[in-house]
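The following note is intended for a colleague who is meeting this structure for the first time. Please read the numbered points alongside the sequence and the model.

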Amino acid sequence: MPFISAKTDFGFKKIFGSPQSKDILISFLNAMLYDAQPTIEDLEIIDPYAAPSVTGLKDTYLDVKAKITGNKTVIIEMQVINVEAFTKRVVYNAAKTYATQLRPREGYSKLNPLIALTITDFTLFENTEKFLTHFVFKELEENFEYYNREIELVFVELPKFNKELEQVENIIQSWIYFIKNAPLFDEIPEKFASIPEIQTAFSIASRTNLTLKELEELEKREMFFEDQRGAIIKSRQEGIIEGETALILRQIARRTGEISPEIQTRIQQLSLEQLDDLGEILLDFTSQEDLIAWLESVSA
């Protein structure tokens, strides 16, 4: 009984935003936002695609949106790939959702606090080993908080959580472990037998509970993310090759004089491994004949 991954927009919304997910989401949010205390007693899951449109604001889609105890709104986003300006997008989503609570001619007193919970499958904050971080507005020097915690930003960085199943100690770690590792299991681990919300989450995550249309959508999303990852890796490799090629061309020019366009082209066609080899051996070259002989040897 393979399980779907919660680390995609489709999988996360299926598990945490479905009509039967209310108790699951309460447990998860109490763990992530309130140190596993039963602060949230009830909530209403809202379709994130039904957010009001505002002139001048581009469309932004969230994975899950909910109204929780205390008249607070929580928006949750699962992000697999670290895209450009992602940290700005987090703030934009929070500010947009906070501002669009007001209808025309309503006063600011109608605004309710907002929490933006962002889960990333990449490291976001290099300056801390914590996998769960919580930000509020504070005075810079004296460190006291702004009124009422109107907007809070909470982040979960999955790569920083490296516990094995037998090392999981509490409900917070259990939820992070589930999100990160659910697809690795064929059945629900016994360790989670005492946590009914996680048991239900595993049941919803079972591929056997998906319709044919949902399976097709899931496969499309998984293929999309794999393509995106591949494109990023390829782009980085190409950038590394381009930079190393330019460096080697400058070093060769200093040692042997100006390089002909033909030789430049042959060097630009080398693989990254071949460029590394050339970078080590070029210190032994005394003329361009040495370079040409080496190029002939690697193309033979």
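1. In this predicted model, ring pairs join Phe12, Phe16, Phe28, Trp175, Tyr177, Phe178, Phe185, Phe192 and Phe202 into a cluster. Rings of Phe, Tyr and Trp (its six-membered ring) pair if their centres lie within 6.5 Å; planes under 30 degrees apart count as stacked, over 60 as edge-to-face and the rest as tilted.

2. The structure holds 19 aromatic pairs. The ring centres of Tyr146 and Tyr147 are 5.8 Å apart and their planes stand at 75 degrees, so this pair is edge-to-face. Tyr177 and Phe185 form a tilted pair, with 6.1 Å from centre to centre and 50 degrees between the planes.

3. Tyr177 and Phe185 are both buried, whereas Tyr146 and Tyr147 are exposed. Buried means under 20% relative accessible area and exposed over 50%, with partly exposed in between (1.4 Å probe, protein chains only).

4. Six strands form an open sheet with mixed pairing, in the order β1-β2-β3-β4-β6-β5. Strands are DSSP runs (E, at least two residues), numbered from the N terminus, and two of them pair if DSSP finds at least two bridges between them. β1 (43-46) and β5 (132-135) are at the edges with a single partner strand each, so one side of each has no neighbour in the sheet.

5. β2 (residues 64-68) and β3 (residues 72-79) pair in the antiparallel sense over five bridges. Ala66 stands opposite Val74 in β3.

6. Residues are numbered from 1 along each chain as its sequence is written. Local features need pLDDT of at least 70, side-chain atom pairs count only at pLDDT 80 or more, and totals for chains, interfaces and linings use all residues, while side-chain values use heavy atoms, leaving out hydrogens and water.

Terms used:
Helices (H or I, at least four residues) and strands (E, at least two) are DSSP runs, numbered from the N terminus.
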